[in-house]
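I opened the model to look up two things. First came the open space, then a helix pair.

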Amino acid sequence: AVVSTQSTGDKRLRERHWGPWQGRNWKEYQRASADTGGKSLAGVETDDAMTARWEKFLSELVDTLHTSSPPDPAILLVTHGGMVRVIGRYLTALSPNPINVDQMSFPNNCISEFDVIVGEGGIVTGCEVVRLLDAEHLKRPFMRPKE
């Protein structure tokens, strides 16, 4: 049963801000960053800054949902690969079997599903990874309307 089809945008789930590299070619960025020893180039949003955005979003979401009805809603988040990696890293670290998502490939249009466990006072205490970076739906033929 569909409880709600409400949708909203939130800037905190946006892709990494690339600073002076925003909108430029990925290969150019890789060449320029090759000499940085793995550090981001000046002006590029760091993983820590993205994680802080995610944590603020998650905290606000949990606070809102903690008092909502129904008390255990399913939430769909749609975002870009960089933020998917941040969310995956954060949530899988709460799993009984942590996964190193930094060593994984993130296919476009993949689906990750998590059951987030919220304890007393609306504190996130754990996470079950239901599926991670699943792209099986892309292997099926697309349905096309009859002409």
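How much space lies in the largest pocket? I found about 1,200 Å³. This is a predicted model, where local features need pLDDT of at least 70 and side-chain atom pairs pLDDT 80 or more, while totals for linings use all residues. Residues are numbered from 1 along each chain, and side-chain values use heavy atoms, without hydrogens or water.

I noted the terms: a pocket is an open set of points on a 1 Å grid where a 1.4 Å probe fits, with protein on both sides within 12 Å along at least five of seven lines, and lining residues have an atom within 4 Å of a point.

I then read the lining. Of its 37 residues, Ile75, Leu76, Leu77, Phe114 and Val116 are closest to the pocket centre. Strand S1 (111–118) gives the largest share, eight residues. The lining divides into 24 nonpolar, nine polar and four charged.

Next I checked H2 (residues 47–66) against H3 (residues 81–92): they pack at about 70°, axes 10 Å apart. The pair is therefore roughly perpendicular (65 to 115 degrees). The crossing of H2 and H3 is right-handed. In contact (heavy atoms within 4.5 Å), I listed Trp54 and Leu58 among the H2 residues, and Val86 and Tyr90 among those of H3. The contact residues divide into eight nonpolar, two polar and four charged.

Definitions and conventions
Axes fitted to C-alpha atoms, helices over the stretch in contact; angles between N-to-C directions. Helix = DSSP H or I, 4+ residues; strand = E, 2+ residues; numbered from the N terminus. Parallel < 35°, antiparallel > 145°, perpendicular 65-115°, else oblique. Left-handed = near helix turned anticlockwise from the far one by under 90°. Nonpolar A, V, L, I, M, F, W, Y, C, P; charged D, E, K, R; others polar. Points joined across faces, edges and corners; volume = space filled by probe spheres on them.
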